[in-house]
Amino acid sequence: MARPAATATRVDSAMRAALAPARRLLAIVAAPAALSLGLPAAAAELPIFDAHIHYSHDAWDNLPPKDAVAILRKAGLKRAVVSSSGDDGTQRLVSEAPDLVVPSLRPYRRRSEVTTWARDDTVAAFLEERLARSRYAAIGEFHVYGADADLPVPRRLVALAKQHRLVLHAHSDADAIERLFRQDPEARILWAHSGFDRPDTVREMLKKHPRLWCDLAFRSEQGAAGKVPAEWRALFTEFPDRFMVGTDTFTPERWHYIVEHAHWSRAWLADLPPALAERIAWRNGEALFAGWTPGPGK
Amino acid sequence: MNRRYSGLAALVAGLVVGATGAEPVAGPSFTAPEVRAILAHGPWPPPWQSDPSNRVSGQPASIAFGERLFNDPRLSRPGTIACASCHLPPRSFTDGLPRAHGLAATDRNTLGLANVRRQRWFGWDGANDNLWAQSLRPLLDPREMGGDLAHVAAVVRADADLRERYRESFGAPPSAADEPVAVDVAKALAAYQETLATGRTPFDEFRDALARGDDRGAARYPAPARRGLALFVGKGRCNVCHLGPDFTNGEFHDIGIPFFAGPGRVDAGRHEGVRRVRASRYNLLGPFNDDSTRQTATATRHVAAEHRNFGEFRVPSLRDVARTAPYMHNGSLATLRDVVRHYSELDEERLHADGEQILRPLRLTDAEIDDLVAFLESLSASQANSSTSRSR
């Protein structure tokens, strides 16, 4: 679907500005990485940047970091944004595979804090302590809806993301996304699950917010049976730089779905023009997180 | 106001006339929507409908043939295990084990067979879309009966009684082609299983009394079960998934039960079931469906796996549930009380924020747990009226 030229210019220029530092780093990091990341034998497969992985407390015992990383590599992941409840899970994976793991700081010590963190005054101190100790590319995935995004704890989270130049990975409705942008218009927000919103709502949000990206985790409708429906194809075509895939390993068992999810993603991405498929598969993730470079912690 | 609505009004107001008619018995108040929800769990038994995909569905000779086959261990490869070895009539055709054990251990609890004809998808994962394909599956599974199409067909050809029963059912003796004979065996097995139905229960008596405005009849339903029913259709909202006369929506959900089947091995549940039903040669889209219109195949034509299906399992019927312990796809909960406690203390860490949105810990008191268990127990027929009864 063609889009109005004015809109295209506005979106593209805004995004170029947002990604300027990233593009410089991309030239340094991403190109050599493609040669040296030790991609599996199936490297001929489309690489995947998985934007939505959790390695939470209940997975650590039955899936040690070496085994977890082996699954990520078997799936042909180029990189994976990992956040965990608690954060020790992410740190274990970063230590095991710094080339592969893009660490994100989740404001949960246990996953059950999904519903309580926004009103928990201890969360801010937890985030500050972690940010002082380790390096991150993002804060999230956190769950916040509607007016709760303006509570003091989420506000502090947004401020910390701004201070540390971190992407916000928000599992939110459109209202909360609007509120997060009002708190920091320069924020970069990765909208988890594209808000589980309909394509027309996602389109409006992407038009309105050039610094908004979307992951497609735990959504099936954009690629059922390996075919991209017309409304999603139009959306991907209109915003080729804003989408990325993700598995969402919200229970330990779902780690054993990562490989199949990668295959499933490749199947529906093959229904798109190759250049667009590459962007959604990995280039958009690489671009958004290009500011992250593997290296020793603080 | 006619008698029916007079009776309903009395219940809604929270007063039920005692069994003697002399003393009102205090009971839970049911709102009008709750009364409608209760009535939706009946009437029972439902009317008979034959299966158009099975040309011998409802045929007496085939039912008898199927019963004979159901109890014949020769259908297993070593001749030691019959269908009835795991599907025991006194246990509503389950085996009482956490996980079934045929020729080898399996990963799943044995599902009961009573009322099985009313399902749309079969098994914990819905990997079959018809009862005859579901009946063929354990015959061929190496962990269950370990046979193959040739073995099943050979057993029927080699036995004079089975051969004659086959001819009587299908109009010709078993042919030399293994696959059609084995599928016909499965269709006879299905014809028999279609007759297995649970009888009327204390709940059904209450529900029908409620429907006809029979206050005295309704008052015979024990107070704990009545309070449990109020929780079931009220605070618990159990009837959102356990709905209708069968107390199931016939679909698949993730209720927070872990689904590791062993170290590093998961039971993918419905996700794998969708893949298998679509790939099956014995599905309703395939050559063995006796419904030439293929109207029976509409759901199969459109079913597609979604990410959420990974780790989803069947919502089982609750009829005769007191006889089918242990519970859940892997038999991990030993008693009905454990099941109710599971929902009471639901581990939200196991649930996706946008997955099963209806599921929240119910935080039931011990007394409420007792009541809900009493209600569930009232969904079982008396032993004399149990699922050994034929539905036709």
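## Report on a predicted two-chain model

Of the 298 residues in chain A, 49% are buried. The model described here is predicted. Chain A contains 12 helices and 8 strands. Where contacts in chain A join residues at least 6 apart in sequence, 72% of them link residues at least 24 apart.

Chain B has 392 residues, of which 45% are buried. Its secondary structure consists of 15 helices and 6 strands. Among the contacts in chain B with a separation of 6 or more, 71% are between residues 24 or more positions apart.

**Chains and domains**

Between the two chains, 20 residues of chain A are in contact with 17 residues of chain B. The side of chain A that touches chain B comprises 7 nonpolar, 8 polar and 5 charged residues.

Chain B is itself divided into two parts: domain 1 covers 1-49 + 198-258 + 315-392, and domain 2 covers 60-193. Contact between these domains involves 19 residues of domain 1 of chain B and 22 residues of domain 2 of chain B. On the side of domain 1 of chain B that touches domain 2 of chain B, there are 5 nonpolar, 10 polar and 4 charged residues.

**Helix packing**

In chain A, helix 6 (residues 122-133) packs with helix 7 (residues 152-164) at an angle of about 15 degrees, and their axes are 9 Å apart. Helix 6 of chain A is therefore roughly parallel to helix 7 of chain A. The crossing of helix 6 of chain A with helix 7 of chain A is right-handed. Helix 6 of chain A contributes Val123(A), Ala124(A), Leu127(A), Glu128(A) and Leu131(A) to the contact, while helix 7 of chain A contributes Val153(A), Arg156(A), Leu157(A), Leu160(A) and His164(A). By class, this contact has 7 nonpolar, 1 polar and 2 charged residues.

In chain B, helix 6 (residues 149-158) and helix 8 (residues 178-193) pack at an angle of about 70 degrees, with axes 8 Å apart. Helix 6 of chain B is therefore roughly perpendicular to helix 8 of chain B. Leu149(B), Ala150(B), Val152(B), Ala153(B) and Val156(B) of helix 6 of chain B meet Asp178(B), Glu179(B), Val181(B), Ala182(B) and Val185(B) of helix 8 of chain B. This contact has 8 nonpolar, no polar and 2 charged residues.

**Backbone details**

Most residues other than glycine have a negative phi, and most peptide bonds are trans.

| Site | Feature | Angle |
|---|---|---|
| Gly140(A) and Glu141(A) | cis peptide bond | omega about -10 degrees |
| Gly42(B) and Pro43(B) | cis peptide bond | omega about 0 degrees |
| Phe196(A) | positive phi, not a glycine | phi about 50 degrees |
| Arg294(B) | positive phi, not a glycine | phi about 60 degrees |

Glu141(A) is located in strand 4 (residues 138-143) of chain A. Pro43(B) belongs to the loop between helix 2 (32-39) and helix 3 (60-70) of chain B.

Phe196(A) is placed in the loop between strand 6 (189-191) and helix 9 (199-208) of chain A. Phe196(A) is partly exposed, as 15 other C-beta atoms lie within 10 Å. Arg294(B) is found in the loop between helix 12 (270-279) and helix 13 (298-302) of chain B. With 14 other C-beta atoms within 10 Å, Arg294(B) is partly exposed.

A further loop residue is Pro222(B), between helix 10 (215-219) and helix 11 (223-233) of chain B. Pro222(B) is partly exposed, having 17 other C-beta atoms within 10 Å. Pro222(B) and Gln119(B) are 103 residues apart along the chain, and their C-alpha atoms are separated by 30 Å.

How values were computed
Residues numbered from 1 in each chain as written. Chains lettered and ligands numbered in written order. Predicted model: local features only at pLDDT ≥ 70, side-chain atom pairs only at ≥ 80, totals over all residues. Axes fitted to C-alpha atoms, helices over the stretch in contact; angles between N-to-C directions. Helix = DSSP H or I, 4+ residues; strand = E, 2+ residues; numbered from the N terminus. Parallel < 35°, antiparallel > 145°, perpendicular 65-115°, else oblique. Left-handed = near helix turned anticlockwise from the far one by under 90°. Contact = placed C-beta atoms within 7 Å. Nonpolar A, V, L, I, M, F, W, Y, C, P; charged D, E, K, R; others polar. Domains from an automatic or database assignment. Buried ≥ 20, exposed ≤ 12 C-beta atoms within 10 Å, placed from the backbone.
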